[in-house]
Amino acid sequence: LAPLLLAGCGTFTNLTARYQVRNANNLYPVGVAFHSRQQSLRWDSIKAYVNVGSEFYPMRRTLMMTNRWEGLVPVPPGTNVIHFRYKLDFLYNAVGAPPQSDSAISKEQTLRIINR
């Protein structure tokens, strides 16, 4: 039942370019939009992360947007492809109970780094 609840919670839209040019600081911008019709979702409670391997990097809410987040992921020199997911932790209002916590995870995304 839990996978059905997570799947029904909302949809992720990856806003990250699939290809980015290698840069000197080895940090690359990623962004995501999240859409949900779950009325009990407490949008102000969402904490967004980008997950690369076993690491979770915090994302910040995009200015003047309620459903978009952006962050930076490190890509080591010599690495040309990384796979990542977005993760959102949030609260939702439960009937007759205090707010409950939940999370949603996107499908795997791929970022390719191009050397120029």
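Predicted model: local features only at pLDDT ≥ 70, side-chain atom pairs only at ≥ 80, totals over all residues.

Biologist: Is Arg42 buried or exposed, or partly exposed?
Modeller: Arg42 is partly exposed, because its relative accessible area is 28%. Buried would need under 20%, and exposed over 50%.

Biologist: Which residues does Arg42 touch, leaving out those up to four places away in sequence?
Modeller: Arg42 touches Leu91, Tyr92, Asn93 and Pro99.

Biologist: And how many Å apart are Arg42 and Thr110 in space?
Modeller: They are 29 Å apart, C-alpha to C-alpha. In sequence, Arg42 and Thr110 are 68 residues apart.

Biologist: New topic. Which way do the side chains point along strand β7?
Modeller: Strand β7 covers residues 68–74, and its side chains alternate. Trp69, Gly71 and Val73 point to one face and are buried.

Biologist: In what sense do β3 and β7 pair?
Modeller: Antiparallel, over 7 bridges. Strand β3 spans residues 27–35. Ala33 has Arg68 of β7 as its bridge partner.

Biologist: How many bridges are there between β6 and β7?
Modeller: There are 2, again in the antiparallel sense. Strand β6 is residues 60–61. There, Arg61 has Trp69 of β7 as its bridge partner.

Biologist: What do β6 and β7 form?
Modeller: A hairpin, with 6 residues between the two strands. Look at Met64 in the turn: its phi is positive, about 65°.

Methods:
Residues numbered from 1 in each chain as written. Heavy atoms only, no water. Buried < 20%, exposed > 50% of the residue type's maximum accessible area, 1.4 Å probe, protein only. Helix = DSSP H or I, 4+ residues; strand = E, 2+ residues; numbered from the N terminus. Pairing = 2+ DSSP bridges. Contact = heavy atoms within 4.5 Å.
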